[in-house]
Amino acid sequence: MAKQYRMRAVMDAVERWDRSEWFTAAELHDLATECISQPRGGITTQGVSRMLTILEARGMIAAERRHDGKRYTRIEGAL
């Protein structure tokens with residue numbers, strides 16, 4: 001059940017992201033923490049990264065690997 005709360009929080013954070021076109025898991029972490037609805041639920045940067053990888057596998061976001069890690073962007077209409 002907790003995984004569903006974390007996934008929903010990451011999906012909401014991706015939808016609300018408006019700082020730039022591209023984002024990393026570390027940049028999205030603070031917004032995902034605000035979006036989580038579970039009372040004592042927490043999410044780490046590694047958890048955000050795992051959820052972003054799942055969303056990438058489902059085709060909801062696109063990713064590109066860079067020398068300093070992975071960065072993601074939304075695919076319009078997929079979320």
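Contact here means heavy atoms within 4.5 Å. Buried means under 20% relative accessible area, exposed means over 50%, and partly exposed lies in between (1.4 Å probe, protein chains only). The model is predicted: local features need pLDDT of at least 70, side-chain atom pairs count only at pLDDT 80 or more, and totals for chains, interfaces and linings use all residues. Residues are numbered from 1 along each chain as its sequence is written, and side-chain values use heavy atoms, with hydrogens and water left out.

Helix α2 covers residues 25-35. Its buried residues are Ala25, Leu28, Leu31, Ala32 and Cys35. They line one face of the helix, because they fall within an arc of 125° when seen down the axis of α2. The arc is that of the directions from the helix axis to the C-beta atoms. Ala26 and Glu34 are exposed on the other side of α2.

The protein chain holds three helices and three strands. From the N terminus on, their order is α-β-α-α-β-β. Helices (H or I, at least four residues) and strands (E, at least two) are DSSP runs, numbered from the N terminus.

Arg50 counts as partly exposed, because its relative accessibility is 47%. Its C-alpha atom is separated by 9.4 Å from that of Met7, 43 residues apart along the chain. Ala57 is also found in α3. At 70% relative accessibility, Ala57 counts as exposed. Ala57 and Gly42 are 15 residues apart in sequence, and their C-alpha atoms are 23 Å apart in space.

For the whole chain, the radius of gyration is 12 Å, which agrees with the value near 12 Å for a compact globule with 79 residues. This radius is taken over C-alpha atoms, and the globule rule is 2.2 Å times the number of residues to the power 0.38. The C-alpha trace spans about 35 × 25 × 25 Å along its principal axes. Of the 79 residues, 30% count as buried. Among contacts with a separation of 6 or more, 45% are between residues 24 or more positions apart.

The mean positions of the 13 positive and 11 negative charges are 8 Å apart. Lys and Arg count as positive and Asp and Glu as negative; His and the chain ends are not counted. Each charge is placed at NZ of Lys, CZ of Arg, CG of Asp or CD of Glu.
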